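The points below go from conventions to the whole chain and then to single residues.

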Amino acid sequence: MNKAPVIKTARLVLRGHILADFEPLRAFFDTDLAKFVGAPISDARLWQGFAADVGAWELLGMGGWAITLPDGTMIGQISVNQPKHFPEVELGWMLFEGHSRKGYAAEAAIAVRNWAVANLPLTSLVSYIDPENGRSILLAAKLGARIDNKATKPQNETCLVFRYKLAAVDDTDGSVEAYA
């Protein structure tokens with residue numbers, strides 16, 4: 001059975017989802033930040049997405065991770081995944097309220113991007129980002145992604161497509177310890 005690997009960075013632990021992660025995700029989708037990732041959303045649709053991120057590991061060898069602090073507190077989610085409605089594999093992230101502007105998203109994204117490049121047979125890697133989500137746009141640029149105006153977008157989505165080069169990201173700040 002394919003399971004999400006645990007990825008540890010200097011300040012974070014990225015781990016496969018557990019059932020208890022659903023409630024923090026539900027709470028996130030009740031905040032204004034969730035407007036960039038499809039909110040408002042019903043509990044049924046959120047459950048389907050949550051279960052898909054978990055099940056994708058078995059079916060695709062990739063999926064979602066809970067972003068947690070070393071004490072186990074869940075502060076967000078990150079994934080590398082390609083649900084059927086995505087034309088390409090996507091690196092996506094979201095941080096819960098109170099955890100932005102601390103470098104957590106960059107730290108998690110660098111670790112997951114490096115894991116994906118090292119472990120998946122990628123032909124491409126993109127991030128689909130809402131044009132009004134300035135923080136995510138800045139993060140994708142920080143990771144070296146560039147807007148690809150010719151890329152196919154997910155069905156019924158108005159988003160920007162940021163394309164990554166398929167090489168490991170330099171870990172210039174020493175934040176990525178290892179992945180297992």
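1. Helices (H or I, at least four residues) and strands (E, at least two) are DSSP runs, numbered from the N terminus. By that convention Phe162 belongs to strand β8, which covers residues 160-163.

2. Please keep in mind that this is a predicted model, in which local features need pLDDT of at least 70 and side-chain atom pairs count only at pLDDT 80 or more, while totals for chains, interfaces and linings use all residues. Residues are numbered from 1 along each chain as its sequence is written, and side-chain values use heavy atoms, with hydrogens and water left out.

3. On the chain as a whole, there are 4 helices and 9 strands, and from the N terminus on they follow the order β-β-α-α-β-β-β-α-β-α-β-β-β. The radius of gyration is 15 Å, close to the 16 Å that the globule rule gives for 180 residues, so the chain is as compact as a globular protein of that length; this radius is taken over C-alpha atoms, and the rule is 2.2 Å times the number of residues to the power 0.38. Along its principal axes, the C-alpha trace spans about 40 × 35 × 35 Å.

4. Of the contacts (heavy atoms within 4.5 Å) with a separation of 6 or more, 65% are between residues 24 or more positions apart.

5. On charge, the chain carries 18 positive and 20 negative side chains, and the centres of the two sets lie 5 Å apart. Here Lys and Arg count as positive and Asp and Glu as negative, with His and the chain ends not counted, and each charge is placed at NZ of Lys, CZ of Arg, CG of Asp or CD of Glu.

6. To return to Phe162, its relative accessible area of 4% makes this residue buried. Beyond its neighbours within four places in sequence, Phe162 is in contact with several residues, including Leu125, Val126, Ile137, Ala140 and Ile147. The C-alpha atoms of Phe162 and Ile147 are separated by 4.4 Å, although the two residues are 15 apart along the chain.

7. Glu88 sits in the loop between β4 (74-81) and β5 (90-95), and at 12% relative accessibility Glu88 counts as buried. Its side chain makes a polar contact of 2.7 Å with the side chain of Arg163, a polar contact being a pair of N or O atoms within 3.5 Å, of which, within protein, one must be able to donate a hydrogen and the other to accept it, and residues adjacent in sequence count only if both atoms are side-chain atoms. Asp21 is found in the loop between β2 (13-16) and α1 (22-28) and is buried, at 3% relative accessible area; its side chain makes a polar contact with that of His17 at 2.9 Å.

8. Which residue other than glycine has a positive phi, near 60°? That residue is Arg101, which lies in the loop between β5 and α3 (104-119) and counts as exposed at 73% relative accessibility. Ala141, in helix α4 (residues 134-142), is partly exposed, with a relative accessible area of 36%.

How values were computed
Buried < 20%, exposed > 50% of the residue type's maximum accessible area, 1.4 Å probe, protein only.
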